[in-house]
Amino acid sequence: MRVPGDKSISHRSIMFGALAVGESRITGLLEGEDVLATAAAMRAMGARVEREADGTWSVHGVGVGGLLEPTQPLEMGNSGTSTRLLMGLIASHRITAQFTGDASLSGRPMGRVITPLSQMGAVFDASEGGRLPLTMRGAYPAVPITYRLPVASAQVKSAVLLAGLNTPGITTVIEPVPTRDHSERMLTGFGAELEVEETGSDRIIRIRGEVDLKPQIVEVPGDPSSAAFFIVAALLTEGSDLTIENVGLNPTRAGLVQVLRDMGGNIEELNPRTIGGEPVADLRVRHSALTGIDVDPAIAPSMIDEFPVLFVAASLAKGTTTTSGLDELRVKESDRLSAMAAALTAAGARIEEREDGLVIEGTGGEPLRGTANSRTKTHLDHRIAMSMAVAGLASRDGVEVDDVSPIQTSFPNFMELLREAAG
Ligand code: S3P
């Protein structure tokens, strides 16, 4: 099987294409609601973004510094990545924009990007607690800053770097903990002047502003965060032997594969190659007996979106799995620690919820009971819905999920592929 294109890379390919001078062409783009929200926003700010009949996307950019003021509020739906990265882009243009989102996104903290972007000169009028809906006014010229990330967040890192694209001089981000580096790789590919220095445990990223971007041909690899659901489904389902082709395996994203192998999962990497500057391979996954482990919190940033489905795997492992250092999971599309603790407990798993992680006592391979008469609450969170669908496969009575519509944000054909894979 194949999973759709990487969400992080898809957002960035449209944004960077929309800032280059000339036409970028993108294949394998994820056509989920989150990425479509980015496409609509870039159109509203002057770029031409079109889907061709064969599924290739064509983006004609406005040039660095060329974004136009949108005439309507930018409707971001469920997408934190669109919101935070676009706030960065707008911060160094002298334009005003309003951001709105759904109930989940409107509950998420934006202060983490408002703080550095304000230092660069942008002005924000946000809802209580630094949330959406908000109005911002960008600054031109913006002020280059050096910003040390207080949270491990690729979205915050990217917001500052993107603001730096149209800021005179050098904007610097210091990362004490490495996070996904798609922005760095892709901006370099688009011709930005960007350098990365590693000193001790810090990564220092410097970008020179007001440098033109050159249009690119981008091939988006399959999303490892989407493959994750099928990796776990295959490990848990007796008799499985599943090959998922073309999965992105950037080391800043591949933590789950490592952790599942440490638990005894049989996952082989076949045909390793590089696509669009990103490492890619086919993954062959076979049913395996899993054993609980202590998950090192240092690996968390490289699998930050995969914890919900790891919790499902741990629920069927032999022994105890302990996770910690996961405070960030409480501010994702939902509070993923409490949402998964409640959902898995309702399905018969044994879970202890702690402040910064879950401790899970696995069944040793016995199926979960299932949710019987209760419905799993997904809280507008695609990854809760998909994780609990996988839990359903590994249960006696099945799992019922209250709302599968959020799956459209990141993985429109998930249900279809799951039905096919489950035979
Ligand atoms: C993303 C970064 C991560 C991740 C999100 C996508 C990105 O968020 O959870 O799904 O594309 O930069 P944080 O930066 O909040 O960790």
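On a 1 Å grid over the protein atoms alone, a cavity is a set of points where a 1.4 Å probe fits but cannot get out, and lining residues have an atom within 4 Å of a point. This is a predicted model, in which local features need pLDDT of at least 70, side-chain atom pairs count only at pLDDT 80 or more, and totals for chains, interfaces and linings use all residues. Residues are numbered from 1 along each chain as its sequence is written, and side-chain values use heavy atoms, with hydrogens and water left out.

**Largest cavity**
- P224, A228, I231, L249, R253, A254, L256, V257 and E306 form the lining of the largest cavity.
- This lining has seven nonpolar residues (Ala, Val, Leu, Ile, Met, Phe, Trp, Tyr, Cys and Pro count as such), together with two charged ones (Asp, Glu, Lys and Arg) and no polar ones (the others, Gly among them).
- Helix 8 (224-236) gives the most to the lining, with three residues; helices here are DSSP runs of H or I, at least four residues, numbered from the N terminus.

**Second largest cavity**
- Residues lining the second largest cavity include D6, H182, G248, N250 and E278.
- By class, four are nonpolar, three polar and three charged.

**Ligand**
- Around the ligand (a heavy atom within 4 Å) are S8, R12, T81, R84, A152, S153, A154, Q155, R180, I304, D305 and K332.
- The shell around the ligand has three nonpolar, four polar and five charged residues.

Note on methods. On a 1 Å grid over the protein atoms alone, a cavity is a set of points where a 1.4 Å probe fits but cannot get out, and a pocket is an open set with protein on both sides within 12 Å along at least five of seven lines; lining residues have an atom within 4 Å of a point. Helices (H or I, at least four residues) and strands (E, at least two) are DSSP runs, numbered from the N terminus.
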